[in-house]
Amino acid sequence: MKSIVSVSLGSRQRDNQGELTLLGETVQVSRRGTNGDMAQAVKLIQSLDGKVDAIGLGGIDRFLVVRQHRYEIRDARLLAEAAQVTPVVDGSGIKDTMERRIIQRLHNEKLIHPGQQVLMVSAMDRFGMAESFEQLGYPLVAGDLIFASRINYPIRSADELEELARKLLPELAKMPFDQLYPVGDAQTQAGDPRYHRYFDEADIIAGDFHYIHRYMPPSLNGKVVITNTTTRQDVELLKERGVRLLVTTTPVLNGRSYGTNVIEAALIAASGLTADDSRWAAVVEATGLEGSIVPLTSS
Amino acid sequence: MTLMEALQQFVNECNKNARLREMNRDWSRRIQLESADTKSLHWLVSDKGEVEAGSGAVDNPDMLIEAPEGTLTAIFSGQMTPTEPYNNGDLLVHGQQDDMMRLDILTLLIWGE
């Protein structure tokens, strides 16, 4: 059986294993957290190199794609280069496609409505989603500066997001990753209640689940949450907070919404192709992979 | 350009930029700059979106930044980004990581691209 491992900078508490069937091929999938320890992640990737069919990078993006620009996170490149044989992927090869698709689907099925306020807790890592919302008529607040850097400044358009990415990312991408994004135990630390108002003002909350989990207020009554990498416990928590609809951008399998890096790695294992192959888009389409839409409360 | 001239230029750029003033509106900090080679002291103070600079010591600093005077001058005049000297140990920061990140972001937004 084909196998892939997602090596994550996140907590070991979220480790799991299972099987994914893509294009008729069953792939054994395992997620292994390193609690934010870069050196351990490098060693783990080196030990897996040549022994599995693909390796996913979890808890870190290698590439941030903002319109025509692609910014590479230095620490993620170092992780990817720890493998000499096995392809290492961060999920960016499918993220844009799947996330644009799910927003369009929610809009088409009238599960969300133009004019509803969107909070994207981070959008430089999901520019396709931000652009989709804006193009479909949803007012957008991107919280990249708020939640990543505690700078209380809401970004209010995809153009401004692009401008800030152009000015900031070439340099910030060179910084140690743990200064850019919470890793390991930092992912479970309580956030700052000063930022609850951005959640309160939004009808739709989208983006990275660690930021949502860390900063969300006690009540999310009636809101739509669009994210991924949720576990059964996360779903229960969102239900307790009153979330009306939970949308995951990747499929839910065995109660868990996998990260895009897992899906991309499994697809490489199943298809033998990588995202730079001209047939890749057709392969992604052929999987029929879809996110999930789960009503949580009736409010 | 002297370090004081660079700091004054940085302060002017912060204060005339509406977006930076909005970003700093709830950021009140006293920052001490120490030149590692000349031992000269300078300060930056941010209060309700306005930033001021001066020479000498500041009372009860929230943050201490140490680097050779030429490096500090280059950073605050936009000739150098803080990332490289920070990563190679020429720029030492004592204080909250968030404050360091904010200074990085301010310099990049003033002189980025």
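## Close-up views of a predicted two-chain model

**Figure 1. Helices α3(A) and α10(A) pack at an angle of about 110 degrees, with their axes 8 Å apart.** Angles of 65 to 115 degrees count as roughly perpendicular, so α3(A) is roughly perpendicular to α10(A). The model is predicted. α10(A) covers residues 260-271 of chain A. The crossing of α3(A) past α10(A) is right-handed. On the α3(A) side, the contact residues are G93(A), I94(A), K95(A) and M98(A). They meet T260(A), I263(A) and E264(A) of α10(A). Sorted by class, this contact holds three nonpolar, two polar and two charged residues.

**Figure 2. Helices α3(A) and α4(A) pack with their axes 8 Å apart, at an angle of about 25 degrees.** The view shows α3(A), residues 92-108, and α4(A), residues 127-135. Angles under 35 degrees count as roughly parallel, and α3(A) and α4(A) are therefore roughly parallel to each other. Their crossing is right-handed. From α3(A), the contact takes D96(A), E99(A), R100(A), I103(A) and Q104(A). From α4(A) come G128(A), M129(A), S132(A) and F133(A). The classes in this contact are three nonpolar, three polar and three charged residues.

**Figure 3. L23(A) sits in the loop between strands β2 and β3 of chain A.** β2 spans residues 16-22 and β3 spans 25-33. Most residues other than glycine have a negative phi. How many other C-beta atoms lie within 10 Å of L23(A)? There are 13. A residue is buried at 20 or more such neighbours and exposed at 12 or fewer, so L23(A) is partly exposed.

**Figure 4. N35(A) lies in the loop between β3 and α1 of chain A.** Helix α1 covers residues 38-48. N35(A) is not a glycine, yet its phi is positive, at about 55 degrees. It has 18 C-beta neighbours inside 10 Å and counts as partly exposed.

**Figure 5. Helix α3(B), residues 69-76, carries buried residues.** These are T71(B), L72(B), T73(B), I75(B) and F76(B). Which elements do the buried residues of α3(B) pack against? The helices are α1, α4 and α5 of chain B. The strands are β1 and β4 of chain B. Among these partners, α1 covers residues 3-16, β1 covers 29-35 and β4 covers 63-67. G78(B) follows α3(B). The phi of G78(B) is positive, near 80 degrees.

**Figure 6. Chain B meets chain A through 15 residues of chain B and twelve residues of chain A.** Three elements of chain B each give two or more residues to the side that touches chain A. They are α2 (18-23), α4 (83-87) and α5 (97-111). Which of them gives the largest share? The answer is α5(B), with seven residues. By class, the side of chain B that touches chain A has five nonpolar, five polar and five charged residues.

Figure 7. With 299 residues, a compact globule would have a radius of gyration near 19 Å. The value for chain A is 18 Å, which agrees. Of the 299 residues, 47% count as buried. Among contacts in chain A with a separation of 6 or more, 65% join residues 24 or more positions apart.

**Figure 8. Chain B, the setting for Figure 5, has five helices and five strands.** Along the sequence, the pattern reads α-α-β-β-β-β-α-α-β-α. The radius of gyration of chain B is 13 Å, close to the 13 Å that the globule rule gives for 113 residues, so chain B is as compact as a globular protein of that length. The C-alpha trace of chain B spans about 35 × 35 × 25 Å along its principal axes. Buried residues make up 33% of the 113 residues. Of the contacts in chain B with a separation of 6 or more, 64% are between residues 24 or more positions apart.

Key: Residues numbered from 1 in each chain as written. Chains lettered and ligands numbered in written order. Predicted model: local features only at pLDDT ≥ 70, side-chain atom pairs only at ≥ 80, totals over all residues. Contact = placed C-beta atoms within 7 Å. Helix = DSSP H or I, 4+ residues; strand = E, 2+ residues; numbered from the N terminus. Nonpolar A, V, L, I, M, F, W, Y, C, P; charged D, E, K, R; others polar. Axes fitted to C-alpha atoms, helices over the stretch in contact; angles between N-to-C directions. Parallel < 35°, antiparallel > 145°, perpendicular 65-115°, else oblique. Left-handed = near helix turned anticlockwise from the far one by under 90°. Rg over C-alpha atoms; globule rule 2.2 N^0.38 Å.
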